[in-house]
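Please have the sequence and the coordinates open while reading.

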Amino acid sequence: MVSYKGYEPVIGVEVHVELRTSEKAFCRCSAEYGGDPDSKCCPVCLGMPGATPSLNPEAHRLAVLTGLALGCKIERVSRFDRKHYFYPDLPKGYQITQFYDPLCRDGAVTFELDGVRRTVGIERIHLEEDAGKLSYKGDKLSIDNNRCGVPLAEIVTRPHMRSADEAMAFVDELRRILLFAGVSDCKMNEGSLRCDVNVSVRPVGSETPGVRCEIKNINSINFIGRAVDAELVRQTDLILSGGTVEVQTRRFNEDTLKTEYMRKKEKTADYRYIREPEIPAVITDEAYVESVRREMPPLPAKREEELRNIGIKAESAKLICSLPKLADYFDLVKKETSDAVTAANLFVSEIIPVMRRGEPCVPPEYLARCADMFAAGDVNIVSARTSLRLSLEEGISPHTAAERHGLFVLKDEGLIKEMIEKACASNEKTVAQIRAGKVSAKKVIIGGVMKLSSGRAEPRLLSRLVDEFFE
Amino acid sequence: MKNRVNLTEARMAAGCLKLDIEENDFRGFSHVADFTAESGDGDGNLMCDDSCAAVSAFELCREEIFEREPVSRRITCASKLAEDVYRGEKKAVSIVREYLRQAKESQNGTYITVMEAEAERIAEQLDRRTDCESLPLAGVPLSVKDNICIEGILTTCASRALEDFVPTYSSTVYSRLIAAGAVPVGKTNMDEFAVGADGSTSYFGPCRNPLDPSLSPGGSSSGSAASLAEGSAVISLGSDTGGSARIPASYCGLAALKPTYGAFSRWGLVGMAPSLEQICPMARCVSDVRLMFEIASGHDARDMTTCVTWEKRRRNGRIGVFIPSEVSETARKAVERCVAVLKAEGYEADRVELPFFDEILGVYYTISSAEAASNLARFDGLRYGYRSEKGDILSTRNESFGAPLRERLAEGAYVLSEKSGGAYARALHMREQIKEKLNELFGDFDLLVTPMSDTEAASFGETVCTAERYAVYANLAGIPALTFPAVRGERGLPVGVQLMGAAGDDIFVLETGEAVEGRLAW
């Protein structure tokens, strides 16, 4: 919804992404997801007395990379702070984060929504540590500390979004960028990308911001849209019935598709932020930023544009650049083939569905050869697809498949002439019409030959031979 | 010329200890029953190479000594012991057994845990080694404040909240001393979580001053100081957040260094106010403190605050002398004596003012309380120690902590809250100004000399604020500060003086301290 009963939503998003480091942010424990509870812990990430944190340089590098991928300015001096709150998943009683001096500021994400370019500003990105994981069984609460200390980048947008669709498109594009930059695996179901959405409403046309509510931990892009709409309806109805919106933290109920009250939002002072005294200021100098920038993989928007520039359809380009593994695969194909456009078409129709399902796939050279066969006129598009499919099924090259299954285009003039004669013999009436000057009836003969050759007769050759036949 | 004499002979030879000391007054010191004394320095001064024996002798008969001509000391106790061990003259095991006995028999509330098994094991290992020559602390008994973690050893911070906490890791500083041959005697009593300055707030009961058990040893490293003063350890690790090692050192006649912030790894130190505190070497003489510093300081990959380097400084031969207007006579005398020695060494001395002397404790308490509230947030009753019978977290926390600590934590939470109107931010701002001003001073002066405390050891609960006022500058500015005894107070007890240097200048401060200490008549 763009508006409801004359009210529009104003949306800002806070995204937490787990950075893809092998070790945790402040200790040397494995940062890998899963494992037996508390099997990846040490005195530092358990916050035991006397255990001091040391910043993992890889976490810092990936946070810088995140900032660069989102067009941020990387601050030369950033610092860590402690955010205090009591919760069983937080062993130190505070989280190490960057409140006063974050690592990155002032970026933007641009994307298309319904053919219109939109830009959402990034206010800041800071590096922080994750908390443990709580699970409830009956009335029993269990804490798994494996996630404690896993590095997170928190990305905070400006309140630039105006509809559920826009919020969804933004998160989708953000996720794509982060995947291509290689900073995170962005799995919402495993919690490596988590979203908090801030929503307020105001009458359409008004510039005065409303009171915002934060909806915590939404775990799919679809639910982001649902939650925004649910909140738009709830807040608008509340205002229209004479109530006022309170600053609250809410959660999204996936069964009712509504948001529910969690708690009154803490005021900033309640977190009692202080500088983290155990970690000195982090200096990120320009030379370092440049070295990270040089290593940054090309981002999806740019790769998409490159594909469009060589004639690939916009939708295909977008699809190819929806996941790094697809784009990387296609890059290899592109290098090998003389006909990237056909290769893209074949990739979209035959290979992407297979890769999406995570099934084994042909090597990129096969797809390249297949497109080349088409470009050389050795196969038509239908045979090209068939040979690729057979190649997938039988694990043979498309060329071999075409050979074995007789998919190559028929270019033997003698053979085609025989077929023309055969087709004419069974269509005497048409032959008479042609001879009487009805040139368009030649199509019937061509169709007959195509049928006889199982569609393999080379069309231009066939057309010439039919013309010659009737001269 | 050095003479090897037994204690009585030394006393006679030096002509300064005319006391009848029963042999059994030296329980725990039979290994030093004789010691090296140097006589004939012209002043009839006793110069002992073995401080344990010497200082114990002084303490046992201090009243008499104090009435006599000053006795100067030159003590190299730890290195002397280590030398004896590597020469095979003494066994580490027999040394440590005597100290262990002393520790167990201590009536001063010095220890929370005596590490008998651990000490014997380590000493036995030492005695089997053939490379003790490379161990500068071979066989030297070490006591460790109970907020410094030792793997497998109870580490309580003198709090009910950690009454059964056994860490799985050891402090880097501790490990380095052990690697250099030191033998741990035990974990010493302290003010709960290092909050307090008189040794009275420990959950395990107060710690008393061995020089006069009716008095406080100072705090919070009370047990560390007491262990040295009573002779149950030769060197000790304390910690200093706002004078916590230097104040007890001053009250017990000892030397202690608060190193430059970042010079000592904080890994394994249970933090109270992490931006202020350092583990501190404490001993009976500056030379031992220096030895400990040289062994234990330096970069540690597990503590990022050690990732610092300091500029090499140019000296100008000038010292700044701070004596506030309301200073006590004792403190004035301490500073003046120290300055006199330095002048004799060729220094020029000028009076200086320390910035914000009237406000300094406010700045210190705001920051340290805030950080304490933060650092102790982890003791939430879910993971460690004591649990209230009432079953809820609030009761557990309330019953875990003593009243003074609870006050400090409440203060900390308050100064960080909105209600305080930015008290914490203001304190940080003032801290920056203090740092700047001190930096300026160190542009003009190689060292600053200040009192360490206005009085000698006091009774429990008596205010130590004046001592803290002198102490906290070094913590707020992260600079090194050394104290050693300089004078005797009205009751005949020792009182220290303080030398502060620029950040990173620890060795220079220690060298100067060594030179002064040997020539101070106290």
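Which residues does F193(B) touch, not counting residues up to four places away in sequence? They are C157(B), S159(B), A161(B), L162(B), V270(B), M272(B), L376(B), F379(B), F401(B) and L405(B), where contact means heavy atoms within 4.5 Å.

The model is predicted: local features need pLDDT of at least 70 and side-chain atom pairs pLDDT 80 or more, while totals for chains, interfaces and linings use all residues. Residues are numbered from 1 along each chain, chains are lettered from A in the order written, and side-chain values use heavy atoms, without hydrogens and water.

**Cores**
- The largest nonpolar core has 245 residues; a core is a set of buried (under 20% relative accessible area, 1.4 Å probe, protein chains only) Ala, Val, Leu, Ile, Met, Phe, Trp, Tyr and Cys residues joined through side-chain atoms within 4.5 Å.
- Helix α2 (residues 164-181) of chain A gives the most to this core, 11 residues; helices are DSSP runs of H or I, at least four residues.
- Another core, of 17 residues, lies apart from it and includes A423(A) and V466(A).

**Interface**
- Contacts join 35 residues of chain B to 33 residues of chain A.
- About 2600 Å² is buried between the chains, with 60% from carbon and sulfur atoms; buried area is the accessible area (1.4 Å probe) lost on being put together, summed over both parts.
- On the chain B side, M304(B), R378(B) and R383(B) lose the most area to chain A, together 26% of what that side buries.
- The side chains of E278(A) and R266(B) form a salt bridge at 3.0 Å, N to O (Lys or Arg side-chain nitrogen within 4 Å of an Asp or Glu carboxyl oxygen).

Terms used: Buried means under 20% relative accessible area, exposed over 50%, partly exposed in between (1.4 Å probe, protein chains only). Helices (H or I, at least four residues) and strands (E, at least two) are DSSP runs, numbered from the N terminus. Buried area is the accessible area (1.4 Å probe) that two parts lose on being put together, summed over both.
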